[in-house]
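Hi everyone, thanks for making time today.

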Amino acid sequence: MKYLLYAFLLYLLYNLIFKLVIPVYLTTRKVKKGFKQMHEQMAEKMRQHAGFQESPTPPKEAPKHRAGDYIDFEEMK
């Protein structure tokens with residue numbers, strides 16, 4: 001009876017490792033590899049895009065508000 005219990009536990013452990021742990025590990029590794037490759041492609045496209053931009057455009061300045069431009073709004077009844 002004792003050996004039957006050990007055999008059953010060994011079978012459960014085998015299934016846990018080969019049907020759950022290893023596939024999850026392999027899938028995680030594949031997904032990480034895909035994200036890394038996608039990140040590298042995006043970085044390469046950003047470098048190419050930066051190379052085409054010969055003259056950087058100057059940053060736009062916010063419009064300056066002059067005194068007297070503001071008209072007070074009054075509600076009409």
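Let me start with a definition: with a 1.4 Å probe and protein chains only, a residue is buried under 20% relative accessible area, exposed over 50%, and partly exposed in between. By that scale Tyr14 is partly exposed, because its relative accessible area is 48%.

Now, a word on where this comes from. This is a predicted model, in which local features need pLDDT of at least 70 and side-chain atom pairs count only at pLDDT 80 or more, while totals for chains, interfaces and linings use all residues. Residues are numbered from 1 along each chain as its sequence is written, and side-chain values use heavy atoms, with hydrogens and water left out.

So what is the overall picture? The protein has one helix and zero strands; these are DSSP runs numbered from the N terminus, with helices being H or I of at least four residues and strands E of at least two. Of the 77 residues, 1% are buried. The protein exposes about 8,900 Å², and 65% of that comes from carbon and sulfur atoms, using Shrake-Rupley areas with a 1.4 Å probe.

Let's look along the helix. Helix 1 covers residues 2–52, and its 51 residues should span 75 Å at 1.5 Å a residue; the end C-alpha atoms are 74 Å apart, which agrees. The expected span is 1.5 Å times one less than the number of residues. Helix 1 does have a kink of about 30 degrees, centred on Ile17, where the bend is the angle between axes fitted to the seven residues ending there and the seven starting there.

Tyr14 and Phe18 are about one helical turn apart, because they sit four residues apart in helix 1. Phe18 is partly exposed too, at 46%.

Finally, the one salt bridge. Glu44 and Arg47 meet through their side chains at 2.9 Å, N to O; the rule is a Lys or Arg side-chain nitrogen within 4 Å of an Asp or Glu carboxyl oxygen. Glu44 is partly exposed at 36%, whereas Arg47 is exposed at 52%.
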